[in-house]
Amino acid sequence: MKCIVCNSPDIKKKKVEEEIKIGNDVAFVSIEVLVCNGCGERYYDRRTMKELESIEKNIKERNIQLEEVGRILKPTGT
Ligand SMILES: [Zn+2]
């Protein structure tokens, strides 16, 4: 498999933090995805998408405990 963005063949499975939005909040979950080492493009296969969907569902149903690790800030008035 080659990267569709930069054509690099250097694509490896890596643990990354994926953002999941819950209303105004954002949860970061660790997940393994294919990442291009050339440009950083992430590739999600069907299994990974399913896994993310199930994590999101579990968060919304409060089956996964979340803790606050920081705040999300935006410039005032935007
Ligand atoms: Zn790439």
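Two notes before I start. Residues are numbered from 1 along each chain as its sequence is written. As the model is predicted, local features need pLDDT of at least 70, side-chain atom pairs count only at pLDDT 80 or more, and totals for chains, interfaces and linings use all residues.

The sheet, then. It is open, with three strands in the order E1-E2-E3 and antiparallel pairing. Strand E1 covers 11–22 and strand E3 covers 42–43; both are at the edges with a single partner strand each, so one side of each has no neighbour in the sheet. On terms: strands (E, at least two residues) and helices (H or I, at least four residues) are DSSP runs numbered from the N terminus, and two strands pair if DSSP finds at least two bridges between them.

Now E1 with E2. Ile22 is opposite Asp25 in E2, and Ile20 is opposite Ala27 in E2. The two strands make a hairpin with two residues between them. Gly23, in that turn, has a positive phi of about 60 degrees.

Next, E2 with E3. This pairing is also antiparallel and runs over two bridges. Val35 is opposite Arg42 in E3. Here the hairpin has five residues between the strands, and Gly40 takes a positive phi near 85 degrees.
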